Amino acid sequence: MYHYLPGQENFGHYYWKILPLQLCSMHIYLAPLIPFIKNNKIKQDITLFIGLYAFIGGIAVLVGGLDLVLGGFQLSDGRWFGDWGLVVHTIVWHVILMNLGALVFGYYRIGDLKPHHIKTIVIRPWLICFAMLLVVQVLNVIIPKLLNYNEWVEGFNLWNVGWTYGFQLPILSKVFVTEPIWIGGVISTFIYGFALLLGAYLVLFVIIFIRNLSSKLNKVVVYTKDTTY
């Protein structure tokens with residue numbers, strides 16, 4: 001996308017603020033790799049990462065963070081980016097992510113797992129997630145600096161956790177302002193990583209709980225004179 005201001009034609013500069021390297025965008029780069037990965041363990045880890053964090057990202061945005069996403073299409077002076085097609089696309093995309101997560105959970109029959117098996121399928125996908133978090137933190141620092149903090153990079157904040165423009169997430173935005181800033185940034189980064197791990201555990205435990213509850217409700221016993229069904 002080239003930069004566009006309502007009522008003006010300022011084309012020719014990439015609007016870095018909408019670079020699709022957010023947590024909810026990583027799946028478009030990883031999913032095409034799945035058919036070419038021969039190692040089943042690595043394939044499972046990446047697929048579970050896609051499913052878990054697609055679902056978490058989708059539900060987090062639609063339930064509690066839609067205002068944050070919509071705010072991403074505003075310019076620094078409060079004006080809108082000007083393309084409502086992108087706004088609609090963003091909402092639809094996060095609905096798709098939730099369904100993508102549900103497909104992965106169904107494929108691996110997550111609901112049939114025992115709670116003590118959860119650890120074995122959460123840690124490795126989370127390590128992928130945390131490694132990506134560290135990479136985007138580096139990009140959050142390097143890219144604005146390379147572009148000399150010009151107007152086209154203003155607001156650039158991958159995963160909304162950049163040290164240049166601050167953490168835009170609840171609670172972490174408070175921790176980030178701890179002086180000196182870099183200490184607040186490091187602490188917030190690790191808290192966010194831990195929260196993503198807890199989120200993965202929570203999602204899977206809820207799925208297992210719902211599956212077990214559903215199984216119990218489906219066991220209807222009918223007594224006759226000679227047989228129990």
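Q: In which helix does L217 lie?
A: L217 belongs to helix α6, which covers residues 181-218. The model is a predicted one.

Q: Why is L217 called exposed?
A: L217 has a relative accessible area of 63%. The word exposed is used for values over 50%, so L217 is exposed.

Q: What makes L217 part of a nonpolar patch?
A: L217 is grouped with L202, V206, F209, I210 and L213 in a nonpolar patch on the surface. Members of a patch need over 30% relative accessible area, and L217 has 63%. Nonpolar side chains are joined into a patch when they come within 5 Å. Together the six residues have about 620 Å² of accessible area.

Q: How do you know that L100 is partly exposed?
A: L100, a residue of helix α3, has a relative accessible area of 27%. Buried would need a value under 20% and exposed one over 50%, so L100 falls in between and counts as partly exposed.

Q: Which residues does L100 touch, leaving aside its neighbours within four places in sequence?
A: L100 is in contact with I50 and A54. Contact calls for heavy atoms within 4.5 Å. As for Y53, its C-alpha is 9.9 Å from that of L100, while the two residues are 47 apart in sequence.

Q: Why is W159 called buried?
A: The relative accessible area of W159 is 2%. Since buried means under 20%, W159 is buried. Its place is the loop between α4 and β1 (161-162). W159 is not a glycine, yet its phi is positive, about 60 degrees.

Q: Which residues have the most contacts inside the largest nonpolar core?
A: They are F49, Y53, V122, W159, Y192, L196 and L204, in a core of 43 residues. The elements giving two or more residues to this core are α2 (40-71), α3 (84-107), α4 (118-146) and α6. Helix α4 gives the most, with 10 residues.

Q: What is L204 in contact with, beyond its neighbours within four places in sequence?
A: L204 is in contact with L52, F105, I110, I118, I121 and V122.

Q: What makes the pair D45 and R124 a salt bridge?
A: The closest N and O atoms of D45 and R124 are 2.6 Å apart. The cut-off is 4 Å between a side-chain nitrogen of Lys or Arg and a carboxyl oxygen of Asp or Glu, so the pair qualifies as a salt bridge. D45 lies in helix α2 and R124 in helix α4, so the bridge ties together parts that are 79 residues apart in sequence.

Q: Why do D45 and R124 get separate labels for accessibility?
A: D45 has 6% relative accessibility and counts as buried, while R124 has 37% and counts as partly exposed. The limit for buried is under 20%.

Q: What links R109, D112 and R211?
A: A network of salt bridges links R109, D112 and R211. In the pair R109 and D112, the closest N and O atoms are 2.8 Å apart. In the pair D112 and R211, they are 3.1 Å apart. D112 lies in the loop between α3 and α4 and R211 in helix α6, so this second pair ties together parts that are 99 residues apart in sequence. The chain has 3 salt bridges by this rule.

Q: How do you know whether R109 is buried or exposed?
A: R109 has 53% relative accessibility, and the label exposed applies over 50%, so R109 counts as exposed. By contrast, D112 at 35% counts as partly exposed, and R211, also at 35%, is partly exposed. R109 is placed in the loop between α3 and α4, and its phi is positive, near 50 degrees.

Q: How does the span of α4 compare with the expected one?
A: Helix α4 has 29 residues and reaches 42 Å from first C-alpha to last, close to the expected 42 Å. After α4 comes N148, with a positive phi near 60 degrees.

Q: What does the chain contain as a whole?
A: The chain has 6 helices and 2 strands, in the order α-α-α-α-β-β-α-α. Of its 229 residues, 37% are buried.

Conventions: Residues numbered from 1 in each chain as written. Predicted model: local features only at pLDDT ≥ 70, side-chain atom pairs only at ≥ 80, totals over all residues. Heavy atoms only, no water. Patch = residues over 30% accessible without salt bridge, like charges linked within 9 Å, V, L, I, M, F, W, Y side chains within 5 Å. Areas by Shrake-Rupley, 256 points an atom, 1.4 Å probe, with all protein chains shown as cover. Helix = DSSP H or I, 4+ residues; strand = E, 2+ residues; numbered from the N terminus. Buried < 20%, exposed > 50% of the residue type's maximum accessible area, 1.4 Å probe, protein only. Core = buried A, V, L, I, M, F, W, Y, C linked by side-chain atoms within 4.5 Å. Expected span 1.5 Å × (residues − 1).
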